[in-house]
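Subject: Structure handover

Hello,

Here is the structure I promised to pass on. Please keep it open while you read my notes below.

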Amino acid sequence: MEFSELYVKWNKEIEIPIQEVILPVFLEKKVHVCVKREDLNHQYISGNKLRKLKYNILKASELNEDTLLTFGGAFSNHILATASAGYESGFKTIGVIRGDELEERLEEVLEENETLKLAHHFGMQFYFVSREDYRQKEDPVFIEKLREKFGTFYMIPEGGTNDLAVKGTEEILKDAPQTYNFDYITCAMGTGGTISGIINASQKHQTVLGFPALKESAFFEAVIDQYTLKRNYNIITDYHFGGFAKYNEELIRFINDVKMKTQLPLDPIYTGKMFYGLVDMVKNDYFEENSRILMIHTGGLQGIKGFNEKLKRKNQILIK
């Protein structure tokens with residue numbers, strides 16, 4: 001695809017609805033809560049992933065690269081989004097996947113794992129590496145070995161966070177001026193790129209609240225410092241449920257209850273934990289009366305099918 005054609009495709013206006021969320025506790029505490037439904041921007045390049053990949057796709061095209069290479073775990077939303085974005089934009093894609101044991105039973109994995117199954121459908125070539133080797137993903141020696149194996153490629157880091165990704169996530173607010181009417185903006189956190197863009201685009205009167213999905217969150221402040229000079233944010237570390245992809249039945253029941261009462265779908269890795277934390281903070285009077293709070297829905301819903309397969313095997317409650 002020619003660069004000019006690709007530029008038009010990726011710069012088309014994205015209209016994202018802002019949905020009011022009404023729960024009894026919000027009415028009782030007199031706070032107004034809405035959610036920006038970034039999860040609706042694309043079926044597979046969902047939520048913040050579309051924002052993060054936008055300028056990276058354009059840069060790869062500008063550099064005349066024909067292959068995108070990135071990193072992720074077997075259930076990574078970023079892996080699927082990159083595969084889909086590459087397919088739509090005419091790039092070959094390579095996913096360096098954590099867990100070399102998966103390669104030994106790849107056919108079985110592709111049947112069980114919706115994320116890898118769809119990425120494979122979009123033509124992504126998988127390169128499974130051991131967890132030890134995966135930790136070297138930022139090492140120049142390891143990257144050079146990848147170039148020796150695959151040839152030239154445009155590299156996108158794990159989770160997609162880099163300068164161009166942050167530029168894209170700034171548009172979550174910039175594309176919708178009504179977002180500046182809110183006092184607080186909440187965002188789930190994985191690598192720190194999305195919240196950095198939101199902080200950059202936020203106004204002086206706004207406070208940005210980040211909810212890490214990881215237990216180890218001390219590094220987030222250093223990541224954010226790379227991309228913004230603003231300090232109008234707080235990182236809320238109390239709602240990771242034990243760490244990345246960790247959960248309990250209370251969280252699953254909460255996600256199902258919210259879906260039943262508000263029709264708002266949440267995932268158990270990111271947005272479910274963020275919204276659980278927000279509700280708990282409202283209950284405990286973190287927000288003053290008449291606060292206007294905007295949640296950013298960062299997508300990831302396609303991972304629920306695979307998550308439910310895991311829950312089913314454990315005879316646990318499924319996500320509706």
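This is a predicted model: local features need pLDDT of at least 70, side-chain atom pairs count only at pLDDT 80 or more; totals for chains, interfaces and linings use all residues.

Two strands count as paired if DSSP finds at least two bridges between them.

**The six-stranded sheet**

S2 and S10 belong to an open sheet of six strands, in the order S1-S2-S10-S7-S8-S9. Its pairing is mixed. The edges are S1 (18–20) and S9 (233–235). Each of these has a single partner strand, so one side of each is left without a neighbour in the sheet. On average, neighbouring strands here are turned by 25° against each other, direction ignored.

Both senses of pairing show up around S2. S1 and S2 (residues 32–36) run antiparallel and are joined by three bridges. Within that pairing, Ile18 stands opposite Lys36. On S10 (residues 292–296), S2 pairs in the parallel sense, over five bridges.

H12 (residues 220–227) lies across S7 (184–189), S8 (207–212) and S9. H12 runs at about 155° to S9.

**The four-stranded sheet**

There is also an open sheet of four strands, ordered S5-S4-S3-S6. Here the pairing is parallel. S5 (125–129) and S6 (154–155) are the edge strands, and each pairs on one side only. Two bridges link S3 (residues 67–72) to S6, in the parallel sense. Leu69 stands opposite Met155 in S6. H4 (residues 77–89) lies across S3 and S4 (92–98). The angle between H4 and S3 is about 170°.

**Helix pairs**

Two helix pairs are worth a look.

- H1 (residues 3–10) and H3 (residues 48–62): their axes come within 10 Å and cross at roughly 170°. Angles over 145 degrees count as roughly antiparallel, so H1 and H3 are roughly antiparallel to each other. From H1, Phe3, Leu6, Tyr7 and Trp10 take part in the contact. On the H3 side are Leu50, Leu53, Lys54, Ile57, Leu58, Ser61 and Glu62.
- H13 (249–262) and H14 (residues 271–283): their axes also come within 10 Å, but cross at roughly 85°. H13 and H14 are therefore roughly perpendicular to each other. Glu250, Leu251, Phe254, Ile255 and Val258 in H13 meet Gly272, Lys273, Phe275, Tyr276 and Val279 in H14.

**Asn48**

Asn48 is found in H3. Is Asn48 buried or exposed? Its relative accessibility is 10%, so Asn48 counts as buried. Leaving out residues up to four places away in sequence, Asn48 touches Thr194 and Thr298. Leu27 is 21 residues from Asn48 along the chain, and their C-alpha atoms are separated by 29 Å.

**Aromatic rings**

How many aromatic pairs does a search of the whole structure find? The count is 16. One of them is Phe211 with Tyr239. Their ring centres are 6.3 Å apart and the planes are at 40°, so this pair is tilted. The pair links distant parts of the chain, 28 residues apart. Phe211 is in S8, while Tyr239 is in the loop between S9 and H13. Both residues are buried.

Phe211 and Tyr239 are also part of one aromatic cluster, together with Phe26, Phe241, Phe254, Phe275 and Tyr276.

**Charges over rings**

Two cases to inspect:

- The charged end of Arg98 sits over the ring of Tyr134, 5.2 Å from the ring centre.
- The charged end of Lys167 sits over the ring of Tyr55, 4.3 Å from the ring centre.

Best wishes

Note on methods:
Residues are numbered from 1 along each chain as its sequence is written. Side-chain values use heavy atoms; hydrogens and water are left out. Axes are lines fitted to C-alpha atoms, for helices over the stretch in contact, and angles run from 0 to 180 degrees between N-to-C directions. Contact means heavy atoms within 4.5 Å. Buried means under 20% relative accessible area, exposed over 50%, partly exposed in between (1.4 Å probe, protein chains only). Rings of Phe, Tyr and Trp (its six-membered ring) pair if their centres lie within 6.5 Å; planes under 30 degrees apart count as stacked, over 60 as edge-to-face and the rest as tilted. A charge sits over a ring if NZ of Lys or CZ of Arg is within 6 Å of the ring centre and within 35 degrees of the ring normal. Angles under 35 degrees count as roughly parallel, over 145 as roughly antiparallel, 65 to 115 as roughly perpendicular and the rest as oblique.
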